[in-house]
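Hi,

Here is the structure I promised to pass on. Have a look at it first, and my notes on the helix packing and the chain contact follow below.

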Amino acid sequence: MDEAKLAETTLPDDAPVDLEAELKSSNVQEVLDKLDRELIGLKPVKTRIREIAALLLVDRLRKKFALSSETPTLHMCFTGNPGTGKTTVASRMAEILHRLGYVREGHLVTVTRDDLVGQYIGHTAPKTKEVIKKAMGGVLFIDEAYYLYKPENERDYGAESIEILLQVMENNRDDLVVILAGYKDRMDKFFNSNPGMRSRIAHHVDFPDYSPDELLAIAKLMLAQQNYRFSAEGEKAFAEYIPLRMKMDHFANARSIRNALDRSRLRQANRLFATKGRKLSRNDLITIEAEDIMVSRVFEEQDKK
Amino acid sequence: MMTNPGNRLTQGQFSFLPDLTDEQISAQIKYALKNGWAVSVEYTDDPHPRNTYWEMFGMPMFDLKDPGGILMEINNCRKTFPNHYIRVTAFNSTRGVESPTMSYLVNRPKKEPGFGVSRQEGEGRSIRYTVHSYATDKPEGERY
């Protein structure tokens with residue numbers, strides 16, 4: 001932009017600007033509300049997203065006064081136990097950043113170690129670069145990022161991939177946002193052995209485990225999305241089920257809940273099948289009863305103890 | 001009379017215009033991506049008009065959403081071959097088309113010596129004409 005044009009678009013120092021209007025024009029509020037509605041719990045995550053949205057909005061206003069500041073680094077690291085919604089939030093993040101005009105396209109490219117690291121010498125760099133090129137203009141989501149670095153094998157090609165990533169994260173900051181995700185303890189180890197990575201990631205967001213109440217709310221939301229619902233007793237039974245399931249091994253938060261719901265749908269279908277000869281109503285088809293949940297293995301094991 | 005001041009190579013799209021800026025290049029790439037064409041970067045130091053097959057700089061890039069990645073590749077190529085011709089090609093893979101649909105230069109050598117016409121006397125008093133790039137008198141890699 002040449003100087004005369006720049007002067008024309010720059011507002012005088014005392015001109016008022018409307019944050020409210022800017023918020024409205026970006027449609028961000030809509031996405032944030034959707035986030036609030038569809039994601040239960042996750043307080044620290046939502047706060048951080050709000051902060052980022054606020055920063056980007058204020059940055060846009062600052063631009064109107066030609067107050068340039070460097071593009072903020074938005075590379076993120078999501079840590080948390082399995083099933084706490086890291087991937088879901090990442091895909092929302094892409095949408096939010098797109099609405100705020102931070103990324104141009106707003107698509108999400110999800111990769112794991114396999115997609116980045118090659119199998120022989122000289123294979124890794126082109127492979128990583130290809131993924132990066134695909135993700136440009138959007139968000140690159142690296143799931144289980146700690147697998148990239150394997151300290152026990154010094155000839156592992158993961159380090160090469162990390163090096164290229166670091167370079168791109170620094171030089172192409174306006175082109176893409178990198179989000180790493182993984183379990184907390186392993187990610188900590190990963191960052192300790194790659195200090196360069198830690199310092200290039202501005203936002204470390206920890207996803208807390210869900211409380212039983214939150215899990216119940218999630219279950220209801222999941223059912224509603226598939227056009228099912230609990231009967232009153234069904235809901236009570238599921239509320240009993242959740243704390244029992246949480247105590248068992250391999251509990252993966254919302255993912256376990258989804259699996260439990262899938263199984264109860266199976267049982268519901270089976271139960272409906274068994275009631276031959278009776279005409280079924282729409283209500284029968286959408287309702288999950290207590291008995292669909294009570295036959296779960298979780299309750300059996302409880303009885304054994 | 002100079003017909004082509006500066007001996008600028010005129011091949012592909014936009015070659016009679018001043019060199020495209022990176023912004024304009026991105027806009028053109030965006031158009032190609034919007035149409036689902038695969039974009040690739042090629043270079044050569046033998047710009048004869050019949051030299052159709054230039055060297056590929058990396059693989060053609062499929063499934064991209066944003067010109068950023070291709071621009072990065074163009075800049076890499078410019079860094080490696082600052083004094084070569086570099087062009088961007090968009091390939092349309094639609095069945096029945098399967099050919100490049102866009103092609104334009106994104107880098108030229110600083111000094112372009114251009115082409116000379118050479119004449120060959122044939123039978124009778126007929127003359128055969130051909131063009132010859134002055135740059136190709138030198139061996140590959142030393143031309144510009």
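**What I found**

H3 and H4 of chain A run roughly antiparallel to each other. Keep in mind that this is a predicted model. The angle behind that description is about 175 degrees, and the axes of H3(A), residues 28-38, and H4(A), residues 43-64, are 11 Å apart.

As for who touches whom, H3(A) brings Val28(A), Leu32(A), Leu35(A) and Asp36(A), while H4(A) answers with Lys46(A), Ile49(A), Arg50(A) and Ala53(A). Sorted by class, that contact comes out as five nonpolar and three charged residues, with no polar ones.

The other pair to look at is H11(A), residues 212-225, with H12(A), residues 232-247: their axes come within 10 Å and cross at roughly 125 degrees. That makes the two helices oblique to each other, and H11(A) passes H12(A) in a right-handed crossing.

On the H11(A) side you'll find Pro212(A), Leu215(A), Leu216(A) and Ala219(A), and they meet Phe238(A), Ala239(A), Ile242(A), Pro243(A) and Met246(A) of H12(A). The class count here is nine nonpolar residues, with no polar and no charged ones.

Finally, the two chains: eleven residues of chain A are in contact with eight residues of chain B. On the chain A side, those residues split into five charged, four polar and two nonpolar.

Cheers

Technical notes:
Residues are numbered from 1 along each chain as its sequence is written. Chains are lettered from A and ligands numbered from 1 in the order in which they are written. This is a predicted model: local features need pLDDT of at least 70, side-chain atom pairs count only at pLDDT 80 or more; totals for chains, interfaces and linings use all residues. Two residues are in contact if their C-beta atoms, placed from the backbone, lie within 7 Å. Ala, Val, Leu, Ile, Met, Phe, Trp, Tyr, Cys and Pro count as nonpolar, Asp, Glu, Lys and Arg as charged, and the others, Gly among them, as polar. Axes are lines fitted to C-alpha atoms, for helices over the stretch in contact, and angles run from 0 to 180 degrees between N-to-C directions. Helices (H or I, at least four residues) and strands (E, at least two) are DSSP runs, numbered from the N terminus. Angles under 35 degrees count as roughly parallel, over 145 as roughly antiparallel, 65 to 115 as roughly perpendicular and the rest as oblique. A crossing is left-handed if the near helix is turned anticlockwise from the far one by less than a right angle, and right-handed if clockwise.
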